[in-house]
Structure formats: structure tokens, C-alpha cells
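Welcome to this short tour! Please open the structure in your viewer and get ready to select residues as we go.

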Amino acid sequence: MSRLWSNWLLVWCWGVLAFGALLVTAAIPGLDAGARLLFEVFAGNPANAATFDLPAVRFGLGLQGALTIGWAMTMFAVIQAAKTIGAPIWRSLTFALLAWYVIDSAISISTGFWLNAVSNTALMVTYLIPVLASSALRDK
């Protein structure tokens, strides 16, 4: 994989980690303004947005943030390993991301948070661009 695509994925991982950090702040009153705004945008209607202050919602968003940070850190490691191992790792990683994408987007749409499916699509596309452009999925 060229330096351009490798750096692209590094920035992608940092973006995922930053998003996770933003979600973590939902659990911390006083630091939650960014997470609250994001939730209101993704909520799609005032009734959904009004649930932000429920302890279970704050807990869920904060926990999702912690999971997203862990996911980003795992992605850093797997992408480093893929540089050595090659196509089998890229295929496994891409399959895992596609599984996340389908499940997360279906849940988002079915619960009225369809804008999250749009952001999922952007995240998936920005992952696929360097992977497909570099031919990382093909055996050498």
C-alpha cells in the first residue's frame, strides 16, 4: 500500500478515535455540549433529542464512545499488521467493517436515526477508497 493510502487510513483511524472521544463526553455533564449537538442532529425530531439527559442514554452514548475508541485502536493495530500480512487481513477487516455497516445502519434507520446511516456510509466509503485503490484485497 502506498504512503498516500497508508496515511489516509491513519487519518481515518484518528477520526474514528476522535468521534469516540466525543461520544464519551455524553456521559460527563458540563463537557457534553458537542455530544448533545450531535445527538440532536442525528435524533431527527425533538422527542428523540429530548431523551439525551436520561441516565440510560448518557450511559449508552458514553459506553459507545469507549467502544469506538477501542475499535479505532484495534484498527490502528490491524492496519499495521495488514502491511506485513497483506490481503488476508485486508479481506477480514473489510468484511468486519461491512458487517458493522449493515447492522449499525439498519438499526439507525429502524429507530429513526437515519442520519447516522448517512454518516456510516461516509465512514465506509472513506475506508474503501484507499483499500480498493491500492488493490490491498488482492493476493500478490
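A residue is called buried when its relative accessible area is under 20%, exposed when over 50%, and partly exposed in between (1.4 Å probe, protein chains only). This is a predicted model, where local features need pLDDT of at least 70, side-chain atom pairs count only at pLDDT 80 or more, and totals for chains, interfaces and linings use all residues. Residues are numbered from 1 along each chain as its sequence is written, and side-chain values use heavy atoms, leaving out hydrogens and water.

First stop: select Thr25, in the loop between helix H1 (3–24) and helix H2 (33–43). Helices are DSSP runs (H or I, at least four residues), numbered from the N terminus. Is Thr25 buried or exposed? Thr25 counts as buried, because its relative accessibility is 19%. Now show Leu31: its backbone oxygen lies 3.5 Å from a polar atom of the Thr25 side chain.

Next, look at the rings. Rings of Phe, Tyr and Trp (its six-membered ring) pair if their centres lie within 6.5 Å; planes under 30 degrees apart count as stacked, over 60 as edge-to-face and the rest as tilted. By this rule there are 8 aromatic pairs. Select Trp5 and Trp8, a tilted pair at 5.3 Å centre to centre, with 55° between the planes. They are 3 residues apart in helix H1, so about one helical turn separates them. Trp5 is buried at 18%, while Trp8 is partly exposed at 30%.

Then select Phe39 and Phe52, another tilted pair, 5.6 Å centre to centre. Both are buried.

Last stop: select Trp12, Trp71, Trp100, Tyr101 and Tyr127, which ring pairs link into a cluster.

Terms used: Helix = DSSP H or I, 4+ residues; strand = E, 2+ residues; numbered from the N terminus. Polar contact = N/O pair within 3.5 Å; in protein donor to acceptor, adjacent residues only side chain to side chain.
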